[in-house]
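Colleague: Hi! Could you put it on screen so that we can walk through it together?

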Amino acid sequence: MKIVRASTNNSGLPFKGTLCPLTLMDLNELWLLDLRVFTEGEAYERDTFRQLLANPKIVARQIRNTEGKMIAFAIGLIEEDGVGHITTIGVAPEHRRRSLARIMLLSIEQGFAIRGVTTVRLEVRTDNMGARQLYEQLGYTITQRMRRYYSTGDDGYLMVKAINGVSWGF
Ligand SMILES: CC(C)(COP(=O)(O)OP(=O)(O)OC[C@H]1O[C@@H](n2cnc3c(N)ncnc32)[C@H](O)[C@@H]1OP(=O)(O)O)[C@@H](O)C(=O)NCCC(=O)NCCS
């Protein structure tokens, strides 16, 4: 568990939260937050989350505010080929642009690196400019455009990053 002091919020007040592992015990809260984050039919089923969180190959993080409420989550999975896969990431709308996604991704990369992962991949909608910028800022590069990757028929980009060893840079 790690106390994070991220950027100030919109009213200029300092933000304090707790970064910690995301586990099956958090299932209900995760599912409810996901429904608020992904509003256009992209939210995961509760059972999908249950299966993911039960998988021993996941590296998952959440951030809780000072009242103990979950405000951000991210799930990474070490795939069969040894590549770390960021499967989902979301931040409550009222807590965005405070570096919470960046903090969670860096922590998951550390978790991956500790378990021998050297390459991380993720997918992003081609029109999700905010997420693309986040990933590019963290060193991910687009390697492929995937036609009709999403069930809605939208295209996605495959983005990849090489991670070398454990970085403690946040
Ligand atoms: C994408 C998402 C996870 C980003 O979370 P966040 O906590 O707001 O992101 P951060 O504050 O860590 O952003 C880090 C950097 O990424 C970029 N970024 C993040 N959101 C951005 C946006 N909406 N527009 C432009 N740049 C953005 C910025 O460069 C930002 O740095 P800055 O604030 O210093 O300029 C969040 O907007 C979200 O939950 N969106 C809905 C779900 C989603 O799209 N998930 C990703 C699916 S691939």
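Colleague: Let's start with E7 and strand E8: in which sense do they pair?

Modeller: E7 and strand E8 (residues 156-162) pair in the antiparallel sense, over five bridges. Two strands count as paired if DSSP finds at least two bridges between them. Helices (H or I, at least four residues) and strands (E, at least two) are DSSP runs, numbered from the N terminus. Residue numbers start from 1 along each chain as its sequence is written. Please keep in mind that this is a predicted model: local features need pLDDT of at least 70 and side-chain atom pairs count only at pLDDT 80 or more, while totals for chains, interfaces and linings use all residues.

Colleague: Got it. Which residue in E8 is the bridge partner of Thr141?

Modeller: Thr141 has Val160 as its bridge partner in E8. Gln144 stands opposite Leu158, also in E8.

Colleague: And how many bridges does strand E6 form with E8?

Modeller: Strand E6 (residues 119-125) and E8 share seven bridges, again in the antiparallel sense.

Colleague: What comes between E7 and E8, then?

Modeller: A loop, and Arg148 is found in it. Arg148 is exposed because it has 10 C-beta neighbours inside 10 Å. Its phi is near 50°, a positive value in a residue other than glycine. For background, most residues other than glycine have a negative phi.

Colleague: Which residue with a phi of about 75° is not a glycine either?

Modeller: That is Ser99, with its positive phi of about 75°. Ser99 sits in the loop between E5 and H3. It counts as partly exposed because 17 C-beta neighbours lie inside 10 Å.

Colleague: Let's follow the chain into H3. How many residues does it have?

Modeller: H3 has 15 residues. From its first C-alpha to its last it reaches 21 Å, close to the 21 Å expected at 1.5 Å a residue. The expected span is 1.5 Å times one less than the number of residues in the helix. Just after H3, Gly116 takes a positive phi of about 85°.

Colleague: Which residues of H3 are buried?

Modeller: Among them are Leu100, Ala101, Ile103, Met104, Leu105 and Phe112. Ser107 and Glu109 are on the buried list of H3 too.

Colleague: Where does H3 stand in the largest nonpolar core?

Modeller: A nonpolar core is a set of buried Ala, Val, Leu, Ile, Met, Phe, Trp, Tyr and Cys residues joined through C-beta atoms within 7 Å. The largest one has 34 residues, and Ala72, Ala74 and Met104 touch the most other members. H3 gives the largest share of this core, seven residues.

Colleague: What is Ala74 in contact with?

Modeller: Leaving aside neighbours within four places in sequence, Ala74 is in contact with Ala60, Arg61, Ile86, Ile89, Met104, Leu105 and Ile108. Contact here means that the C-beta atoms, placed from the backbone, lie within 7 Å.

Colleague: New topic, the ligand! Which residues come nearest to it?

Modeller: There are 20 residues around the ligand, and Arg96, Ala101, Arg102, Gly130 and Leu134 come nearest. A residue is near a molecule if its C-beta atom, placed from the backbone, lies within 6 Å of it. The largest share of this shell, six residues, comes from H4. Strand E5 (84-91), helix H3 (100-114) and helix H4 (129-137) each supply at least two.

Colleague: How many of the shell residues are nonpolar, polar and charged?

Modeller: The shell divides into 10 nonpolar, six polar and four charged residues. Ala, Val, Leu, Ile, Met, Phe, Trp, Tyr, Cys and Pro count as nonpolar, Asp, Glu, Lys and Arg as charged, and the others, Gly among them, as polar.

Colleague: Last one: how many helices and strands does the protein have?

Modeller: It has four helices and eight strands. Buried residues make up 26% of the 170 residues in the protein.

Note on methods. Buried ≥ 20, exposed ≤ 12 C-beta atoms within 10 Å, placed from the backbone. Contact = placed C-beta atoms within 7 Å.
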